[in-house]
Amino acid sequence: MTGSFKNKLGHGGSGSVYRGRLQDGRPVAVKILNENLKGKRQGEEFINEIVSISKTSHVNIVSLVGFCFEGHKQALVYEFMANGSLERFIYDKKSCLGWEKLYEIAIGIARGLEYLHGGCNTQILHFDIKPHNILLDEYFCPKIADFGLSKLCPRKENFTSMEDARGTVGYIAPEVYNRCFGKVSHKSDVYNYGVMILEMVSGRKNANVMAENRRKIYFPHWIYTRLQLENDLGLCSVRTKEEDEIARKMTIVGLCFSSKFIK
């Protein structure tokens, strides 16, 4: 299917992804889960991915074509996304998509999250919304991917219990790693989304803010301060009044969702 893993599309903590082709000619992306993961974690991520995505059907959620299981080798087969992940286009100023397209992508991701949280029979919490896990098709329609850390919850329950923190450093909602900040719910995904929107606006990763001591700076607060003082945000190719309005609207939305400590 993959031509002996000839065309590698990318890799992450849970495995590597290769381009493949089915017998009917359809292109697919084949994710081979990392065999070095501890058995329990590998099994959990594999099951989470299959169970979660099999319950979904939405234009902004990546489709699972099938899966392979042979001994310790596990693979997931997805629809092929021609333009790869969102992170390819937001950190490199030469690859900016334009503000109207970025806005459309932000709306599409929000619709996907709304579907996961309220459109399925079972509420699905993703816990790892970030640019790397947002895939773009040939028309740059965004699709939420990588459900390895997801959790299924009854729709009637507003909160969920968790044994340990899950997610990616820099995007994890405060209540996910410390219950002193509150209870874990679908709002934890909304926090991830807010941080990601701020990255889309600023064109930089939240852990790479230019500061003398990066450990002491809180990314949303940095954005908020510069917005309040009407300082340059370093926005990617803002030229017209309309584009500036879109950029500032996205900034405010990102701050509303991610800035739990801004007063």
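The structure is a predicted model.

The protein contains seven helices and nine strands. Of its 263 residues, 44% are buried.

The packing of the helices may be considered next. Two packed helices are described by the angle between their axes and the distance between the axes.

Helix α3 covers residues 99-118, and helix α7 covers residues 241-258. Their axes come within 9 Å and cross at roughly 30°. Because an angle under 35 degrees counts as roughly parallel, α3 is described as roughly parallel to α7. The crossing of these two helices is left-handed. On the side of α3, the contact involves Trp-99, Glu-100, Leu-102, Tyr-103 and Ala-106, which meet Glu-243, Ile-246, Ala-247, Lys-249 and Met-250 in α7. Sorted by class, the residues of this contact are seven nonpolar, no polar and three charged.

The second pair is formed by α3 and α5. Helix α5 runs over residues 187-202. The axes of α3 and α5 cross at roughly 175° and come within 11 Å. Angles over 145 degrees count as roughly antiparallel, and α3 and α5 are therefore roughly antiparallel to each other. Helix α3 contributes Trp-99, Leu-102, Ile-105, Ala-106, Ile-107, Ile-109, Ala-110, Leu-113 and His-117 to the contact, while α5 contributes Asp-189, Tyr-193, Met-196, Ile-197, Met-200 and Val-201. In the contact of α3 with α5 there are 13 nonpolar residues, one polar and one charged.

The crossing of α5 and α7 is left-handed. From α5, the residues making the contact are Val-190, Tyr-191, Tyr-193, Gly-194, Val-195, Ile-197, Leu-198, Met-200 and Val-201. From α7, they are Ala-247, Met-250, Thr-251, Gly-254, Leu-255, Phe-257 and Ser-258. By class, this contact has 12 nonpolar residues, four polar and no charged ones.

Helix α5 also holds Ser-188. With a relative accessibility of 1%, Ser-188 counts as buried, because the limit for that description is under 20%. Apart from neighbours within four places in sequence, Ser-188 is in contact with Phe-127, Ala-173, Glu-175 and Val-176.

Attention now turns to the aromatic rings. A search of the whole structure finds five aromatic pairs. In one of them, the rings of Phe-89 and Phe-140 have centres 5.5 Å apart and planes at 80°, so the pair is edge-to-face. This pair links distant parts of the chain, since Phe-89 lies in helix α2 (residues 87-90) and Phe-140 in the loop between β7 (134-136) and β8 (142-144), 51 residues apart. Phe-89 is buried, with a relative accessible area of 11%, whereas Phe-140 is partly exposed at 21%. Elsewhere, Phe-46, Phe-67 and Phe-69 form one aromatic cluster.

Two further residues complete the account. Ile-134 lies in strand β7 and is buried, with a relative accessible area of 0%. The C-alpha atom of Ile-134 is separated by 5.6 Å from that of Leu-86, although the two residues are 48 residues apart along the chain. Not counting residues up to four places away in sequence, Ile-134 touches Gly-84, Ser-85, Leu-86, Ile-109, Pro-142, Lys-143, Ile-144 and Met-196. Among these, Ile-109 of α3 and Met-196 of α5 also take part in the contact between those two helices.

Ala-145 is found in the loop between β8 and β9 (151-153). This residue is buried as well, with a relative accessible area of 8%. Its C-alpha atom is separated by 8.6 Å from that of Ile-129, which is 16 residues away along the chain. Leaving aside neighbours within four places in sequence, Ala-145 is in contact with Val-62, His-126, Asn-133 and Leu-135.

Terms used
Residues numbered from 1 in each chain as written. Predicted model: local features only at pLDDT ≥ 70, side-chain atom pairs only at ≥ 80, totals over all residues. Heavy atoms only, no water. Helix = DSSP H or I, 4+ residues; strand = E, 2+ residues; numbered from the N terminus. Buried < 20%, exposed > 50% of the residue type's maximum accessible area, 1.4 Å probe, protein only. Contact = heavy atoms within 4.5 Å. Axes fitted to C-alpha atoms, helices over the stretch in contact; angles between N-to-C directions. Parallel < 35°, antiparallel > 145°, perpendicular 65-115°, else oblique. Left-handed = near helix turned anticlockwise from the far one by under 90°. Nonpolar A, V, L, I, M, F, W, Y, C, P; charged D, E, K, R; others polar. Phe/Tyr/Trp six-rings, centres within 6.5 Å; stacked < 30°, edge-to-face > 60°.
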